[in-house]
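Here's a quick walk through one protein model, written for someone who likes to think in contacts and distances. Have the viewer open and follow along.

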Amino acid sequence: MLQLREIATPVPAENEVLIKLYASSVNPLDSFVIRGPLFFVPMIGRRLKPKHKIAGADIAGRVESVGRDVKQFRPGDEVFGASFGEKGLGGFAEYACAIEDSLARKPANLSFEDAASVPVAAITALQGLRDKGRIQRGQKVLVDGASGGVGTFAIQIAKSFGADVTAVCSPRNLHRALSIGADHVIDYTQEDFTQSGLRYDLILGANAHHSIFDYRRALSRGGIFVMVGGPLVRILQAVLLAPFLSRISNKKIRFFIAKTNAEDLVVLKDLLEAGKIVPVIDRRYPLGEVAEALRYREQGHAQGKIVITIDHSDEVRGSL
């Protein structure tokens with residue numbers, strides 16, 4: 001469904017920044033953007049054309065020009081963030097526009113590729129733990145789906161808050177989870193943490209494979225389960241049942257979709273520059289191989305983030 005072709009360089013609106021991109025990265029969001037919001041319902045989804053023609057949310061690059069209402073950036077600034085503009089997304093391209101509030105200056109110690117791996121996944125982890133999970137120092141926090149983009153950031157962000165972190169992942173990812181700060185690891189092929197009898201103050205479901213009733217059982221009194229990803233059936237279950245279950249018990253169930261903003265990007269920038277979180281990148285693909293990158297992500301075996309590198313050596317105005 002993806003085609004590489006030449007288009008005109010976008011023009012920023014009054015509150016937007018035009019960025020020459022050097023890297024982007026892949027997120028589950030891209031599947032919805034490319035295939036349309038109901039792609040999982042064959043008879044309906046294939047009749048609805050995607051709203052946005054260019055996919056890709058995460059971006060990192062240099063500012064080319066700015067709209068007249070932009071105050072924080074000027075040409076030449078190195079930035080990272082999300083390409084949410086008036087025309088939607090656009091990160092799988094050589095140039096993209098983004099609103100000012102979805103950008104921050106790139107961490108000085110990161111390459112463009114590392115910076116592009118951060119925005120959507122790390123903000124999801126940060127907002128899930130801090131805002132929805134109300135994480136506190138000393139809490140027992142479990143990250144289910146700890147080897148993907150959100151999960152690898154969640155381990156490190158939870159540690160930065162002073163939590164005791166348990167990571168749930170496959171056997172091949174146990175060592176990596178420990179290397180980025182997890183205090184304990186659980187091999188989900190050998191142990192079901194929802195049946196172990198252990199209780200956690202906060203569970204972040206980055207790849208929620210269990211029923212919300214199973215997660216609820218694994219919570220301590222007053223605990224919170226935050227779902228940020230997983231199969232559609234689990235998401236629908238959480239959306240429909242979480243309000244009721246949270247009212248009848250002191251254990252809370254929450255589902256949310258992260259919102260990129262400059263303030264949280266600055267928080268992440270500080271953590272990155274302090275070395276408290278480090279991007280974990282699995283694979284890199286050139287812009288012309290975005291389709292392969294998306295196929296690899298959808299297999300569900302990525303160990304960290306999948307990055308798209310953008311080469312300007314021939315200055316082709318291409319996009320996907």
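This is a predicted model: local features need pLDDT of at least 70, side-chain atom pairs count only at pLDDT 80 or more; totals for chains, interfaces and linings use all residues.

Let's start with the nonpolar interior. In general, nonpolar side chains in soluble globular proteins tend to be buried together. Here the largest nonpolar core has 47 residues, and the members that touch the most others are V118, L129, F153, I155, I157 and L268. Quite a few elements give two or more residues to this core: helix 3 (112-116), helix 4 (119-132), helix 5 and helix 9 (262-273) on the helical side, plus strand 7 (140-144), strand 8 (164-169), strand 10 (200-205) and strand 11 (219-227). There is also a second, separate core of 18 residues, with A238, A242, L245 and I253 among its members.

Setting aside neighbours within four places in sequence, F153 is in contact with S117, V118, A121, A122, A125, I277, P279 and K305. One of those partners, V118, is itself among the core residues that touch the most other members.

## Helix 4 against helix 9

Two packed helices are described by the angle between their axes and the distance between the axes. For helix 4 and helix 9, the axes come within 10 Å and cross at roughly 95°. An angle from 65 to 115 degrees counts as roughly perpendicular, so helix 4 and helix 9 are roughly perpendicular to each other. Helix 4 brings P119, A122, I123, L126, Q127 and R130 to the contact, while helix 9 brings D264, L265, V267 and L268. By type, the residues of this contact split into 7 nonpolar, 1 polar and 2 charged.

R134 is worth a click for its backbone: phi is positive, at about 55°, although R134 is not a glycine.

| Residue | Relative accessibility | Class |
|---|---|---|
| Q156 | 4% | buried |
| P279 | 14% | buried |
| S83 | 0% | buried |
| L202 | 0% | buried |
| H175 | 66% | exposed |
| R68 | 66% | exposed |

The cut-offs behind the classes are under 20% for buried and over 50% for exposed.

## A closer look at the buried ones

What does the side chain of Q156 find at 3.0 Å? Q156 belongs to helix 5 (residues 149-160), and a polar atom of the Q156 side chain lies 3.0 Å from the backbone oxygen of T152. Beyond its neighbours within four places in sequence, Q156 is in contact with I180, K276, I277, V278 and V280.

P279 is found in the loop between helix 9 and strand 13 (281-286). Again leaving out neighbours within four places, P279 is in contact with L110, D114, S117, V118, F153 and L272. P279 and I180 are 99 residues apart in sequence, and their C-alpha atoms are 9.7 Å apart in space.

L202 lies in strand 10. Apart from neighbours within four places in sequence, L202 is in contact with L129, G133, I135, K140, V141, L142, I224 and V226.

S83 sits in the loop between strand 4 (78-82) and strand 5 (95-99). The side chain of S83 reaches the backbone nitrogen of G91 at 3.4 Å.

## Out on the surface

R68 is in the loop between strand 3 (58-66) and strand 4. Which side chain does R68 make a polar contact with? The partner is the side chain of E14, at 2.8 Å. As for R68 and R221, they are 153 residues apart along the chain, and 52 Å separates their C-alpha atoms.

H175 lies in helix 6 (residues 174-179). H175 and L241 are 66 residues apart in sequence and 35 Å apart in space, C-alpha to C-alpha.

Definitions and conventions
Residues are numbered from 1 along each chain as its sequence is written. Side-chain values use heavy atoms; hydrogens and water are left out. Helices (H or I, at least four residues) and strands (E, at least two) are DSSP runs, numbered from the N terminus. Buried means under 20% relative accessible area, exposed over 50%, partly exposed in between (1.4 Å probe, protein chains only). A polar contact is a pair of N or O atoms within 3.5 Å; within protein, one must be able to donate a hydrogen and the other to accept it, and residues adjacent in sequence count only if both atoms are side-chain atoms. Contact means heavy atoms within 4.5 Å. A nonpolar core is a set of buried Ala, Val, Leu, Ile, Met, Phe, Trp, Tyr and Cys residues joined through side-chain atoms within 4.5 Å. Axes are lines fitted to C-alpha atoms, for helices over the stretch in contact, and angles run from 0 to 180 degrees between N-to-C directions. Angles under 35 degrees count as roughly parallel, over 145 as roughly antiparallel, 65 to 115 as roughly perpendicular and the rest as oblique. Ala, Val, Leu, Ile, Met, Phe, Trp, Tyr, Cys and Pro count as nonpolar, Asp, Glu, Lys and Arg as charged, and the others, Gly among them, as polar.
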